[in-house]
Amino acid sequence: MKKKATPKGRQWVWVREKPSSAPPAVKAEVCAKAQALVDSELKPRHIEPPPEKSDFNYIVDITTKWRGRFFYFASKYASPGPNAISPYFDAPFTRLEYRHNGRFNLAYMRHTGQWWQLYEDLTIEEAMEAIREEELFQP
């Protein structure tokens, strides 16, 4: 019986398994640092008093939350128009993906509705600095 030849250019590689969730200690640290960033920098910069007699959406709050191995920053918008489906809606704008050993990938939400990852393997301090400094990671 003849052995089948393997296709050229293919080989086995080791791939690190992605964790299903971050450890509780990492979650607590990320939540604390993210909330400090939101309260001290993002809210004062992006939340303004509601406009008078406007039908356009405006930001009323900035929130954070964990979902699996992802940590999201989201803007809460008020929708005051007469044809609004809901008076409020959330729009995520930045995502941290937990990788391993306290390292994260950093992505922002594109206008197409897809996440675009710019940075890999950042510490939490490096990720928060990028969110603070770069406009792509802000609402």
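Mentor: Let's start with strand β4, residues 104-109, which is mostly covered, with five of its six residues buried. Keep in mind that this is a predicted model.

Trainee: What is the order of the elements in the protein chain, from the N terminus on?

Mentor: The secondary structure comes to two helices and five strands. Read from the N terminus on, the elements run α-β-β-β-β-β-α.

Trainee: Which strands does β4 pair with, and over how many bridges?

Mentor: On one hand there's β3, residues 88-98, which pairs with β4 in the antiparallel sense over five bridges. On the other, β5, residues 115-122, also runs antiparallel to β4, and those two are joined by five bridges.

Trainee: How many bridges join β2 to β3, and which residue stands opposite phenylalanine 71?

Mentor: β2 covers residues 70-78, and it runs antiparallel to β3 with nine bridges joining them. In β3, the residue opposite phenylalanine 71 is leucine 96.

Trainee: Which residue in the turn between β4 and β5 has a positive phi, and what is its value?

Mentor: β4 and β5 form a hairpin, with five residues between the strands. The one to look at in that turn is glycine 113, with a positive phi of about 85°.

Trainee: What about asparagine 101: what phi does it take, and is it buried or exposed?

Mentor: Asparagine 101 sits in the loop between β3 and β4, a hairpin with five residues between the strands. Most residues other than glycine have a negative phi. Asparagine 101 isn't a glycine, yet its phi is positive, about 50°. Its relative accessibility is 69%, and the cut-off for exposed is over 50%, so asparagine 101 counts as exposed.

Trainee: Where is aspartate 121 found, and what is its phi?

Mentor: Aspartate 121 is found in strand β5. With a relative accessible area of 37%, aspartate 121 is partly exposed. Although it is not a glycine, aspartate 121 has a positive phi of about 60°.

Trainee: Why does serine 75 count as buried, and which residues does it touch?

Mentor: Serine 75 has its place in β2. Buried means under 20% relative accessible area, so at 1% serine 75 counts as buried. Leaving out residues up to four places away in sequence, it touches Ile59, Asp61, Phe89, Asp90, Ala91, Phe93 and Pro139.

Trainee: How far apart in space are serine 54 and serine 79, C-alpha to C-alpha?

Mentor: Serine 54 is in the loop between α1 (24-46) and β1 (58-67), and at 17% relative accessibility it counts as buried. In sequence, serine 54 and serine 79 are 25 residues apart. In space, C-alpha to C-alpha, the separation is 9.5 Å.

Trainee: Zooming out, what radius of gyration does the protein chain have?

Mentor: Along its principal axes, the C-alpha trace spans about 80 × 35 × 25 Å. Of the 139 residues, 30% count as buried. A compact globule of 139 residues would have a radius of gyration near 14 Å, but this chain has 20 Å.

Trainee: Last one: how far apart do the centres of the positive and negative side chains lie?

Mentor: The chain exposes about 9900 Å², and carbon and sulfur atoms supply 52% of that. As for charges, there are 21 positive and 18 negative side chains. The centres of the two sets lie 16 Å apart.

Notes. Residues are numbered from 1 along each chain as its sequence is written. This is a predicted model: local features need pLDDT of at least 70, side-chain atom pairs count only at pLDDT 80 or more; totals for chains, interfaces and linings use all residues. Side-chain values use heavy atoms; hydrogens and water are left out. Helices (H or I, at least four residues) and strands (E, at least two) are DSSP runs, numbered from the N terminus. The radius of gyration is taken over C-alpha atoms; the globule rule is 2.2 Å times the number of residues to the power 0.38. Buried means under 20% relative accessible area, exposed over 50%, partly exposed in between (1.4 Å probe, protein chains only). Accessible areas come from the Shrake-Rupley method with a 1.4 Å probe; for residues, only the protein chains shown count as cover. Lys and Arg count as positive and Asp and Glu as negative; His and the chain ends are not counted. The place of a charge is taken as NZ of Lys, CZ of Arg, CG of Asp or CD of Glu. Two strands pair if DSSP finds at least two bridges between them. Contact means heavy atoms within 4.5 Å.
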